[in-house]
Amino acid sequence: MRENKSKYSIDIEDLYVEYRTDYGVVKALNGMDLKIEHGKTLGLVGETGAGKTTTGLSILKLIPDPPGVIVGGSIKLDGEDLMEKTEKEMGQIRGKEISMIFQDPMTALNPVMTVEEQIAESIELHEQVSKSEAIEKARAMLELVGIPGERGKEYPHQFSGGMKQRVVIAIALACNPSLLIADEPTTALDVTIQAQVLEMMKELKEKYNTSMLMITHDLGIVAEICDTVSIIYAGQVVEHGNLEDIFENTRHPYTEGLFNSLPNLKDRKAKLKPIKGLMPDPANLPEGCAFCPRCDYAMEICKTQKPEKIYRNDGHYVRCHLYNEENIQEGRLETR
Amino acid sequence: MIKYVVKRLLALIPVIIGVTMLVFFILKSAPGDPVRLILGEQATPEQVAELTEQMGLDQPLLVQYVKYMIGLVQGDLGIAYSTRRPVADEVFSRFPYTLKLSLVATVVSIALAIPLGIIAAVKQNTVIDNVSMFVALIGISMPMFWLALLLMLLFSLKLGWFPVSGAASWQSYILPAFALGFMNMASTARTTRSSMLETIRQDYIRTARSKGVSNSVVIRKHAFKNALIPTITVCGLQIGSLLGGSVLCETVFAWPGIGRLMVQAISARDVPMVLGCTVIFTICFSIVNLLVDLLYGFVDPRIKSMYS
């Protein structure tokens with residue numbers, strides 16, 4: 001068993017990431033905070049372009065550079081600052097301490113390498129084993145994710161989408177990482193396979209006591225497997241809490257908007273209420289609260305000042321001018 | 001796999017029929033009488049008529065063509081008009097020179113182009129990238145015969161390092177091979193660079209890096225083999241232009257290959273000789289293409305599965 005130096009498996013504080021392109025500076029992350037306790041799962045929820053994948057890639061320090069630059073902030077893996085690591089040291093952390101499952105299994109595997117070679121590569125790099133032992137372990141990993149070991153000799157094009165995602169998961173889990181970043185692992189899969197893959201991930205995570213960052217825009221998945229939830233908007237967490245905080249004591253208007261845009265099973269005739277407008281252009285963010293232009297409750301102050309964190313309890317916080325220390329405990333938004 | 005190869009080789013038959021037919025009728029419809037060229041302006045009409053009949057040129061074109069094809073099937077390439085000797089003797093004594101020159105040019109150009117393309121891609125937008133792509137641009141833009149003449153002027157006449165022409169020693173290979181291979185090198189390098197650039201942006205490269213694979217291994221092990229597929233296509237096409245290039249190159253350097261033989265035969269209206277050279281070129285080109293297609297299978301398992 002690992003000895004944990006810090007309470008948190010991963011602890012990101014005040015992270016700023018920019019993509020400096022010819023057309024302007026895209027501010028992808030603007031003071032991102034994220035903490036996951038050992039063995040827990042955090043759901044990172046937000047729209048396309050909110051900075052979810054950038055957060056995941058930042059942890060691995062795999063932001064495409066150029067144009068991506070980590071401008072400031074800290075990323076600590078079990079208390080150790082990843083920002084100070086050299087590229088070589090990161091090579092020893094990637095795949096061993098932190099693994100990532102990517103969104104699209106169709107393109108995430110190398111088409112000219114056999115599946116077992118791709119799993120074994122990670123094992124060979126991080127564990128002192130021979131090539132044949134690595135291949136053997138790779139086959140065991142395949143069995144673990146529900147694929148017969150002898151199919152390891154095949155190439156990715158011989159597998160279906162769901163099977164490919166299982167292979168990607170096997171690669172990610174091959175060296176038993178302490179942190180698993182899952183970037184929309186089921187988005188590209190059809191619904192029946194989604195449930196299978198999620199169930200499998202949940203089991204494997206519990207088996208190895210892995211912490212997990214679940215990047216998704218599906219609140220159903222969050223309710224299913226996450227312990228805590230961070231709602232991200234324009235590169236910043238706007239609301240964070242455990243499942244009960246977020247689902248039962250929703251505070252932020254954006255979070256509320258996300259729930260309202262889900263179909264209501266009890267009243268199927270009810271119209272969906274989408275959040276009006278689009279995400280602000282990350283190359284040209286508003287001066288005040290980033291959500292202000294789309295917010296039904298926007299006030300004058302929202303246009304000019306960025307909201308600070310207001311805590312409802314030890315874990316649950318929200319960044320919104322609607323709240324202060326006095327009213328944060330009170331009921332839901334619509335009662336206001 | 002074997003079935004595929006046999007199928008491809010059988011497909012060569014209609015190709016040869018088509019090519020010979022085209023060349024035969026185009027040459028026959030060109031002005032100029034081979035008999036007149038052999039006998040000269042002073043020959044009497046009787047002499048001309050006699051030789052015309054002797055060479056079978058008085059018969060209808062279609063009959064001449066069919067007779068030629070019947071010979072070809074039996075491995076007989078006919079008798080050259082100009083030398084009155086069997087075409088096969090001449091063609092096969094010259095062919096090894098062309099083959100050797102083309103091989104040297106291809107090997108050298110690929111061996112230089114692929115590393116150059118990879119370095120340019122990995123060091124994208126640096127001085128190395130810009131310089132190598134500028135050299136490649138020159139290579140693509142410069143006509144081969146002009147490059148050949150410049151090389152000859154500088155290295156043979158001014159500096160005296162290499163022989164001006166002929167194929168007497170290994171030194172005499174250098175200038176023609178360089179002239180012939182330079183354009184191929186340039187376009188192969190550019191293709192390698194762009195396919196490499198595209199490959200290193202693929203998701204599976206990110207997957208490899210997320211496993212902790214170092215940058216150089218990612219390039220060598222993951223990116224290179226994937227980037228190779230478009231490169232092979234271009235190399236295959238290049239070998240076709242190499243055959244065309246050999247005609248020019250051999251003429252400039254007085255290389256004793258079949259490219260030059262063909263040019264001489266065309267000016268002499270020597271139809272059997274031109275046809276003989278064409279048949280050899282056609283077979284070479286088809287075999288090279290077949291080899292390239294088989295090579296795909298070795299590189300890309302997705303293509304290999306289609307061959308079986």
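Which side chain meets A:Glu47 in a salt bridge? In this predicted model, the partner is A:Arg294, with 3.1 Å from N to O. The two residues come from distant parts of chain A, being 247 residues apart. A:Glu47 sits in the loop between strand S3 (41–45) and helix H1 (52–59), while A:Arg294 lies in the loop between helix H10 (253–260) and helix H11 (300–304). Side chains of opposite charge can pair when their charged atoms come close. Over all chains, the count of salt bridges comes to 24.

Some of these pairs bring the two chains together: 3 salt bridges are found across the interface of chain A and chain B. The contact between the chains draws on 26 residues of chain A and 18 residues of chain B. About 2,100 Å² is buried between chain A and chain B, and carbon and sulfur atoms give 57% of that area. On the chain A side, the residues that lose the most area to chain B are A:Phe102, A:Val112 and A:Glu121, which together make up 27% of what that side buries.

Turning to the folds of the individual chains, chain B has 14 helices and 0 strands. Read from the N terminus, its elements run α-α-α-α-α-α-α-α-α-α-α-α-α-α. Taken along the principal axes, the C-alpha atoms of chain B fill a box of roughly 85 × 55 × 30 Å.

Two packed helices are described by the angle between their axes and the distance between the axes. In chain B, helix H9 (residues 171–199) and helix H11 (residues 215–252) pack with their axes 8 Å apart and at an angle of about 150°. An angle over 145 degrees counts as roughly antiparallel, and H9(B) is therefore roughly antiparallel to H11(B). Their crossing is right-handed. The residues of this contact comprise 14 nonpolar and 13 polar ones, with no charged residue.

A second pair in chain B is formed by helix H6 (residues 87–122) and helix H7 (residues 127–141), whose axes come within 8 Å and cross at roughly 140°. This angle makes H6(B) and H7(B) oblique to each other, and H6(B) passes H7(B) in a left-handed crossing. From H6(B), the contact takes B:Leu116, B:Ile119 and B:Ala120; H7(B) supplies B:Ile128, B:Asp129, B:Ser132 and B:Met133. By class, the residues of this contact are 5 nonpolar, 1 polar and 1 charged.

Helix H4 (residues 115–126) and helix H5 (residues 131–144) of chain A pack at about 115°, with 8 Å between their axes. The crossing of H4(A) and H5(A) is right-handed. H4(A) brings A:Val115, A:Glu116, A:Glu117, A:Ile119, A:Ala120, A:Ile123 and A:Glu124 to the contact, where they meet A:Lys131, A:Ala134, A:Ile135, A:Lys137, A:Ala138, A:Arg139, A:Met141 and A:Leu142 of H5(A). Here the residues divide into 9 nonpolar and 6 charged, with no polar residue.

Notes: Residues numbered from 1 in each chain as written. Chains lettered and ligands numbered in written order. Predicted model: local features only at pLDDT ≥ 70, side-chain atom pairs only at ≥ 80, totals over all residues. Heavy atoms only, no water. Axes fitted to C-alpha atoms, helices over the stretch in contact; angles between N-to-C directions. Helix = DSSP H or I, 4+ residues; strand = E, 2+ residues; numbered from the N terminus. Parallel < 35°, antiparallel > 145°, perpendicular 65-115°, else oblique. Left-handed = near helix turned anticlockwise from the far one by under 90°. Contact = heavy atoms within 4.5 Å. Nonpolar A, V, L, I, M, F, W, Y, C, P; charged D, E, K, R; others polar. Buried area = accessible area lost by both parts, 1.4 Å probe. Salt bridge = Lys/Arg side-chain N within 4 Å of Asp/Glu carboxyl O.
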